[in-house]
Amino acid sequence: MPLAGDDPTLGLTLGGGGAFGAAHVGVLQVLAERGIRPGIAAGTSSGALVAAAYAAAVDPAAIERAAVAFRWRQIARWSGAPRWGLLDSAVVGRSVRRALGHDPIIEELPRRFAAAATDLRTRRLVVIDSGPLSLALRATIAVPGLIPPVRLHGALLADGGMIDNVPVAATRRIGADRLIVVRLHAKWENVRMMRTLTRTADLVRDPSVLLIQPEMERMAQWTMSDVPRLIAEGRRAAEAALDAQDSEWGLLEGSSP
């Protein structure tokens with residue numbers, strides 16, 4: 001059953017991007033301040049980490065504290081016997097239990113949640129919306145060569161960003177009719193990103209999507225040095241997108257179905 005005040009058909013899609021994912025925290029803060037409460041959340045990689053916290057109904061202020069204090073060793077440590085990757089992500093389970101008190105089953109979260117992963121054998125997107133939360137997070141953050149893939153239901157799963165770094169399809173698959181999509185944008189993207197840019201243009205044209213694009217230029221992606229700036233940029237981008245929304249999206253504020 002959705003939380004009181006949530007919109008069970010409104011989905012939140014959070015893209016991946018390493019430390020850039022801290023910008024999602026600022027977006028969540030603005031949504032909370034404006035009374036906009038998606039009942040569904042999905043993400044890839046660092047976006048999935050933040051989406052999971054939101055789906056677990058963690059307070060935005062607590063999510064901000066966790067983001068500021070975050071260190072990579074909370075999700076991966078050097079492996080004593082590297083085979084599939086240099087790091088071991090087993091520590092994710094301990095981090096989830098420390099944050100939430102236990103390692104919940106995704107189906108038991110207060111809000112619907114999914115993590116996007118890539119099946120390394122078929123090169124297809126896998127939407128993980130059931131089972132232990134820590135296992136889903138370990139799969140979506142498994143950068144090939146760095147963090148080992150996760151075996152789940154016969155598949156070998158790794159970072160969802162290889163297939164879809166902004167997993168809109170995953171959010172729709174678990175019940176969203178309208179979407180707030182956060183794409184971690186950068187002005188310096190080049191022609192190699194053409195597929196992503198084309199898909200972004202499709203999102204802009206989609207009337208069921210509100211696209212928020214924090215600007216990551218000149219911010220660190222793989223160190224946590226810019227987390228406060230990233231959170232502030234997430235806030236700026238969310239406020240700008242919501243202020244520019246049309247009348248249909250204006251119905252979101254302070255309302256629920």
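## Strand pairing, salt bridges and confidence in a predicted chain

Strand S5 (residues 112-119) runs antiparallel to strand S8, the two being joined over 3 bridges. Strands here are DSSP runs (E, at least two residues) and helices are DSSP runs too (H or I, at least four residues), numbered from the N terminus. Two strands count as paired if DSSP finds at least two bridges between them. This is a predicted model, in which local features need pLDDT of at least 70, side-chain atom pairs count only at pLDDT 80 or more, and totals for chains, interfaces and linings use all residues. Residues are numbered from 1 along each chain as its sequence is written, and side-chain values use heavy atoms, with hydrogens and water left out.

### Strand S8 and its partners

Ala117 has Asp159 of S8 as its bridge partner. S8 also pairs with strand S7 (residues 150-152), again in the antiparallel sense and over 3 bridges. There, Arg151 has Leu156 of S8 as its bridge partner. S7 and S8 make a hairpin with 2 residues between them, and His153 in the turn has a positive phi of about 50°. S8 spans residues 155-159 and is mostly covered, with 5 of its 5 residues buried. Buried means under 20% relative accessible area, exposed means over 50%, and partly exposed lies in between (1.4 Å probe, protein chains only).

The loop between S8 and helix H6 (168-173) contains Asp164. Asp164 counts as buried, at 7% relative accessibility. Leaving aside residues up to four places away in sequence, Asp164 touches Thr44, Leu125 and Arg199; a contact means heavy atoms within 4.5 Å.

### Salt bridges

A salt bridge is a side-chain nitrogen of Lys or Arg within 4 Å of a carboxyl oxygen of Asp or Glu. By this rule the model has 11 salt bridges. Three of them are listed here.

| Salt bridge | Closest N to O distance |
|---|---|
| Asp7 and Arg178 | 3.0 Å |
| Arg34 and Asp243 | 2.8 Å |

Asp7 and Arg178 form a salt bridge that links distant parts of the chain: Asp7 is in strand S1 (residues 7-14) and Arg178 in strand S9 (residues 178-182), 171 residues apart. Asp7 is buried, at 7% relative accessibility.

Arg34 and Asp243 are also bridged, and this pair again links distant parts of the chain, with Arg34 in the loop between helix H1 (23-33) and S2, and Asp243 in helix H8 (residues 227-243), 209 residues apart. Asp243 is exposed, with a relative accessible area of 57%.

Arg236 and Glu233 both belong to helix H8, 3 residues apart, about one turn of the helix. Arg236 is partly exposed at 43% relative accessibility, whereas Glu233 is buried at 11%. Elsewhere, salt bridges that share partners join Asp6, Arg37 and Arg111 into one network.

### A charge over a ring

Arg111 also lies over the face of Tyr54, at 4.1 Å from the ring centre. A charge sits over a ring if NZ of Lys or CZ of Arg is within 6 Å of the ring centre and within 35 degrees of the ring normal.

### Confidence

The chain has a mean pLDDT of 88, and 86% of its residues reach 70 or more; pLDDT is the predictor's confidence in each residue, from 0 to 100. Among the elements, strand S2 (residues 38-43) has the highest mean pLDDT (98) and helix H9 (residues 247-250) the lowest (54). Over residues 190-194 the pLDDT is below 50, and beyond near neighbours in sequence this stretch has 1 contact in the model.
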